[in-house]
Amino acid sequence: MKVNPFDRELLEGYCSVLSVISVITSFLFIEIPEDKKLCCQISFIVFLVMLFLVVWCAANHKKRVLLNINNSTLEITSGNIFDEKGFKVIAFNEFFDTQVDDIVISKNTLNGNYITHFYPHTSELDQIISKDAHSSKQIIGKPERKNGKTIKYRLGTIIKNEDYFLLAFTHFDEDNRAFLGVDEYIECLMNMWNECDIHYGGKTIIFPLLGSGITRFRNYESMTDQELLEIMIWMFKVSHIQFQKPEKVKIVLTNECLRKINLYSIEKRYK
């Protein structure tokens, strides 16, 4: 269970429900016969226990939350990011590699799925990336590499391509393994939110859970999906970017991520 029965936020939520019930019952002037009081008391206790179980179960199976941050709506839900309407963020590495061969880019990643589905011949995508005027200002080096491209972009750089935001998200080591430091992850998100503010043009932006499953965080033993999500939310908060309604920011989780994330806690924390 993601939410244990003694969770402080769960108990506070349950107590708030009880307070409403107590106010309602205080207005009900029902005289209970003496011989029925014990039965009524037992029934009421059973009702309270059942009510707690319902609240607890709902907290553990929450699949969607809406948060109001910076006067903007931030929705967290599950689904397939490719089915969403708006600008969908696809995380690339800092070189915007397009070589899907399970050496540079894995076919099973969101990045790999995007490339193989929309650009089976990657030359078109390579031209879009290389000719993007905005991102050319974010080039920070041209190191030698055994595989892949050699133009290195600042983390957080976005290339707008139709309904997609291609994001320079991770470093790559000599063995083509993605990695980040926690401080670099935070800096990348901050740069990314600034880039989104430049590019979004009044449309909803849809994110996956950035960093989940593939990224190695250096100098940090582990980074849970819960922590990644909370950092994304916090960095959006401190960015002070505002999305005018009905447009919003949306984080779409896979079912696997959702099983590990406590949305109830996040909803209570940012409510």
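This is a predicted model: local features need pLDDT of at least 70, side-chain atom pairs count only at pLDDT 80 or more; totals for chains, interfaces and linings use all residues.
Local features were taken at pLDDT of at least 70 and side-chain atom pairs at pLDDT 80 or more, whereas totals for chains, interfaces and linings use all residues. Residues are numbered from 1 along each chain as its sequence is written, and side-chain values use heavy atoms, without hydrogens and water.

The largest nonpolar core holds 45 residues. Such a core is a set of buried Ala, Val, Leu, Ile, Met, Phe, Trp, Tyr and Cys residues joined through side-chain atoms within 4.5 Å. Buried means under 20% relative accessible area, exposed means over 50%, and partly exposed lies in between (1.4 Å probe, protein chains only). I76, Y185 and F207 touch the most other members of this core. Beyond its neighbours within four places in sequence, Y185 is in contact (heavy atoms within 4.5 Å) with F169, L180, L210, F217, L228, I231 and M232. Another core, of 19 residues, lies apart from it; I105, L125, Y164 and A168 are among its members. In soluble globular proteins, nonpolar side chains tend to be buried together.

Some nonpolar side chains are found on the surface instead. L38, I42, I45, V46, V49, M50 and L53 form a nonpolar patch there. Patch residues have over 30% relative accessible area and no salt bridge; like charges are joined within 9 Å, and nonpolar side chains (Val, Leu, Ile, Met, Phe, Trp, Tyr) within 5 Å. The accessible area of the patch is about 650 Å² in total, by the Shrake-Rupley method with a 1.4 Å probe; for residues, only the protein chains shown count as cover. I42 belongs to helix 2 (residues 37-60) and is partly exposed, at 46% relative accessible area. Helices (H or I, at least four residues) and strands (E, at least two) are DSSP runs, numbered from the N terminus.

Helix 3 (residues 110-118) has N111, G112, Y114 and I115 as its buried residues. They lie on the same side of the helix, because they cover an arc of only 160° around the axis. The arc is that of the directions from the helix axis to the C-beta atoms. These buried residues pack against strand 3 (87-93), helix 4 (123-130), strand 6 (158-161) and strand 7 (164-172).

Two loop residues other than glycine have positive phi values. D102, with phi near 65°, sits in the loop between strand 3 and helix 3. D102 is partly exposed, at 49%. E162, with phi near 55°, sits in the loop between strand 6 and strand 7. E162 is exposed, at 64%.

The structure holds twelve salt bridges, each a side-chain nitrogen of Lys or Arg within 4 Å of a carboxyl oxygen of Asp or Glu. R8 pairs with E12, with the closest N and O atoms 3.0 Å apart. Both lie in helix 1 (residues 8-26), four residues apart, about one turn of the helix. E75 pairs with K248 at 2.5 Å between the closest N and O atoms. This pair links distant parts of the chain, 173 residues apart: E75 is in strand 2 (residues 72-78), and K248 is in the loop between helix 7 (225-239) and strand 11 (249-253). E75 is buried, at 4% relative accessible area. K149 meets D126 at 2.9 Å, N to O. K149 is in the loop between strand 4 (139-141) and strand 5 (152-153) and D126 is in helix 4, so this bridge ties together parts 23 residues apart in sequence. Shared partners join R64, E75 and K248 into one salt-bridge network.
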